[in-house]
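Please keep the sequence and the structure in view while reading.

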Amino acid sequence: MSSIHPPSERIWWKQPIDKSEIIWIAIAFAWCMVMFFMMPYWHIYGKQNLSTETYRVTPQLFSKAAQQMVDKYTVRTETDRNIPVVAPPAGGDVYLIARLWDWWPIIELEKGKTYRLHLTSMDYQHGFSLQPENINVQVLPGYEHVVTVTPNRSGAYAIVCNEFCGIGHHKMVSKLYVK
Amino acid sequence: MATTGNMFRICPRTGLQFHKSAEPLIKLNAVAAVVALLVGGVLALLVLLTRWQAVHLIDADTFYLYLTAHGLDMLVIWIIFFEVAILYFCSSTLLRCRLATPRLAWLAFALMIIGTVTFNVAIFAGKATVMMTSYVPMQAHPAFYLGLILFAVGALIACFIFLGTLVVAKAEKTYEGSIPLVTFGAMTAAIIAIFTIASGAIILIPTFLWSAGYISHIDPAMYRLIWWGFGHSSQQINVAAHIAVWYAIAAIVFGAKPMSERVSRIAFVLYICFLQLASAHHLLADPAVGTEWKVFNTSYAMYLAVLASMIHGLTVPGSIEVAQRGKGFTKGLFEWIRKAPWSNPVFSGMFISLVGFGFLGGISGVMMGTEQLNMLIHNTIYVPGHFHATVVIGTTLAFMSLTYFLVPVLFNRELINPGLAKWQPYLFGLGMGVFTLAMMGAGTVGVPRRHWDITFAGAALPYEFPGVALLMLAIMGISGIVAVIGGGIYIYLTVGSLLWGKRLDAGPYTSEISPLRLPVQVALTGKGDGHAAGFAAPGTFVFAMVFLVAFVLYYFVNWKYLSTVWGLS
C-alpha cells in the first residue's frame, strides 16, 4: 500500500502520529505565530508602515490641487520641458501625478521632515518605485492614496514606474530630491 | 464492478488500469500542455534575451506582446492542461473506474483549446498587449477576455468531471475505505480550482462586457481584488497539484506511503480553507484596502497555509526516508537519500522541485507576502523571481518528472535517449534555481518587472541602476539559457518518444481488476505505520531544521533592511 492506494487502515484517522512529525508541526506552528505577530508588532513599534489613507478622486480635482502646489512652491525648472521642481513646506501636502508617461512635478523634500505625499493616476495603473531606496507603492486611477513619508537620507532619488502602463512605460522615470 | 466489456487496459509494467473513456483524454490534455510549454518556452527565451540588458534582443512593442503571451501560455495553459490530465489520472486511473460523462470531458477539452487559440490570436494580432494581469483601465480586444472565459469554463467542467468520477467510483465500489492520499490532493486542487475559476468569471465577464462596450466602468481596485482571487489562487491549484504529484512519485519510485494519512490530509484541508486568501499578496502596496484586512489575508489567517506547506515539506521526503529505511538504507542520518536513484529523472526532478519550491519559492514568498516587507519588492523583478521558483521549479519540474513515468505507462513508448533524460532535471532545475536567485537579487536593488529598458534610454530624467543590477540580469540571462536548454530537452524527449520511441506492449484490454505492481511494493510495516514512540524520519527532520534556520535568517534580514528605509506611516 502506498500514497496512490487507499489507506491500508480503514480507520486511518486514529493512527498515532510519528514524533518527528509532531515536533516539526509544533515548531512550524510557533514560527507561523511569530511571523504573524511581527506585522502588528511593527505597526506599534516599527517606523515603516504603509498608510492606507485613501480618498476617491477625479483627475480634474487632483490636477487642480497639484497645480496650486506648483504655483505656490516652485523653486526652479528642469530639462528643456521645464518640469517644475517644487519644494513644499515641511509637514505639508505634496501632490504627485502619475500619467502616461511621466511623474509630475519634481519634488524636493527636506531630510528628517515629514510630508503627506498624495498619489494618484490620471489614466492607467502605475507603480511608484523610489530608487535606490526601493520603496514601492501601487498607484490607481480614481483613488488618492496619502502616504506619510519622512526621508532619512539626502540626495537625488529617482521615481521609476514599475507597473506596466503601455508602450512608453520604460521611459516613465523622474527625480525626487532630498536636501 | 459496473464495467461492461473489456474497458480497462492494464499496463503490463505497473498494473495501472486505464479506462477507455479516460485514457485518450489524459493523453490529449497532456499533449496540449506540452505544446503550450513549447510556445511559452520559445517566448521565454526571447523575453529573457531582451531583459538581459547587454543583449536586449527584441523591440519594446514585441517584448511586451511576447511577455503577455508567455505569462498566459505558461502560467495558465501549460499548467492547467497538465492538471486536467492529472485530475483524470488521479480519479479514473487510481480509483480504477470509468470517467464520469466522458462526452462532457471532450467538450471541456474543446472549449479549452478554442479559448487558448482565441486569446492567443488576440495577443499576437497586437490587440491585447496588457500583460497577463490585464489591469483595468488598460483595455484589450474583447476576444482576449472571451478566450480566457472559454478556457476557464472548459477547466471548470473538467473539475466537476473529476468530482463526478469520485462519485462514480464510490457508487460502483471500485475501491475500499478512503480515496488514496494522491487523489485527495488532486481533490484539493480541484476544489481550489473551482473557487479560482469562479473568481475569474466574476471579474472577467464584466471586463469582457466593458471591453465590448456594454459596461462603462470597471473599478481598478475592485478589479485587482477579484482578479487576484483568480490570478493567485490559480497558482495555489498548482501547489496542491504538484504536492499530490510529489506524493505520487514517492509512491511510484519508492513504494512510499504517507507517514501519517491524518497529518497529510489535514495539511491539504488547510489549503482548501486558507490558500485563497492570498489575493491580498498583490494588494499590500495598494490604496483602498485597510491594514487589518491586509494583515489577516496576506498571512492566510495566521499563516495556516504556510504551516500546511511546511508539513508537506517534511512528510513528502519523510515518507521517502521511511520507505528507504524499510529497505535497509538505515546507516546514519542520510544513507537513505545518498542511495536514492539520483539518475532516475522521475525521482531527481521531483526532489529538485521539492527543495527549490521550499527554499527558493517558499521562503521568498512568505517574505514578500509580509505586509510591511512587501513595499521593498512590490512590482520589482523579485516577484517573477519568486514565482518562477514556485511555478517553474516547483510545479513545472514536478510535472516534467511525472511525464517520464507516464511516457512508458500511458503512452506505451520507450523514452528515447534516457541518457539525456538523466541530466534534464539537473539542467532545468539548477538553471532555474540560479535564474530565480538572480532575479530576486536584481529585485532587491529595485529593478522593475515587466520593463523593456532599465537604462531608460531616451527618457527626460533617466536613472542609473547600480552596476550589480546589470550583473544580476546577466547571470539571469545565462542561467535562464541553461534552463531553456533543459526545457528544450524535455520537449525533445517527450515529443520524440511519442513520435519515434520504441512501441511497448500496451497490455490487454480486460474487464478484470488487477492489483497494482509498482516497481517497489515492499510491505511497509513498523515505523511506517506510524508508531507514536518512533522518530521515523530523523534525516528529514534535520533537513527541515536547516530549512527553518534559512527561513528565520532571511526573514529577519529583510526586517533589518526595512528598518533602514525612509519613515512611512
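## Two helices side by side in chain B

The model is a predicted one. In it, α7(B) packs against helix α10 (residues 300-326) of chain B at an angle of about 5°, and their axes are 10 Å apart. Angles under 35 degrees count as roughly parallel, and α7(B) and α10(B) are therefore roughly parallel to each other.

Which residues of α7(B) meet α10(B)? They are Ile243(B), Trp246(B), Tyr247(B), Ala250(B) and Phe254(B). On the side of α10(B), the residues that they meet are His312(B), Val316(B), Ser319(B), Ile320(B), Ala323(B) and Gln324(B). Sorted by class, the contact of α7(B) with α10(B) has eight nonpolar residues, three polar residues and no charged ones.

## The domains of chain B

The domain assignment divides chain B into domain 1 (17-254), domain 2 (271-340 + 531-559) and domain 3 (346-451 + 464-503). The centres of domain 1 of chain B and domain 2 of chain B, taken over C-alpha atoms, are separated by 26 Å. To their contact, domain 1 of chain B contributes 18 residues and domain 2 of chain B contributes 17 residues.

Helix α12 (residues 345-368) of chain B and helix α13 (residues 382-409) of chain B form another pair, whose axes come within 8 Å and cross at roughly 160°. Angles over 145 degrees count as roughly antiparallel, which makes α12(B) roughly antiparallel to α13(B). The crossing of α12(B) and α13(B) is left-handed. By class, the contact of α12(B) with α13(B) has 16 nonpolar residues, 11 polar residues and no charged ones.

## Chain A: domains and a hairpin

Chain A is divided into domain 1 (16-45) and domain 2 (53-178). The C-alpha centres of domain 1 of chain A and domain 2 of chain A are 40 Å apart.

Strand β2 (residues 74-78) of chain A and strand β3 (residues 83-86) of chain A run antiparallel and are joined by four bridges. Arg76(A) has Val85(A) in β3(A) as its bridge partner. The hairpin of β2(A) and β3(A) has four residues between the strands, and in this hairpin Thr79(A) takes a positive phi near 60°.

## Where the two chains meet

How many residues does the contact take from each chain? Chain A provides 77 residues and chain B provides 97 residues. On the side of chain A that touches chain B, the elements that give two or more residues are α1 (19-45), β8 (126-131), β9 (135-139), β10 (143-150), β11 (155-161) and β12 (173-178) of chain A. The largest share of this side, 17 residues, comes from α1(A). The residues of the side of chain A that touches chain B comprise 37 nonpolar, 30 polar and 10 charged.

Strand pairing also links the two chains. β10(A) and strand β4 (residues 567-568) of chain B run antiparallel and are joined by two bridges. Opposite Val149(A) stands Leu568(B) in β4(B).

Notes. Residues are numbered from 1 along each chain as its sequence is written. Chains are lettered from A and ligands numbered from 1 in the order in which they are written. This is a predicted model: local features need pLDDT of at least 70, side-chain atom pairs count only at pLDDT 80 or more; totals for chains, interfaces and linings use all residues. Domain bounds come from an automatic or database domain assignment. Two residues are in contact if their C-beta atoms, placed from the backbone, lie within 7 Å. Ala, Val, Leu, Ile, Met, Phe, Trp, Tyr, Cys and Pro count as nonpolar, Asp, Glu, Lys and Arg as charged, and the others, Gly among them, as polar. Two strands pair if DSSP finds at least two bridges between them. Axes are lines fitted to C-alpha atoms, for helices over the stretch in contact, and angles run from 0 to 180 degrees between N-to-C directions. Angles under 35 degrees count as roughly parallel, over 145 as roughly antiparallel, 65 to 115 as roughly perpendicular and the rest as oblique. A crossing is left-handed if the near helix is turned anticlockwise from the far one by less than a right angle, and right-handed if clockwise.
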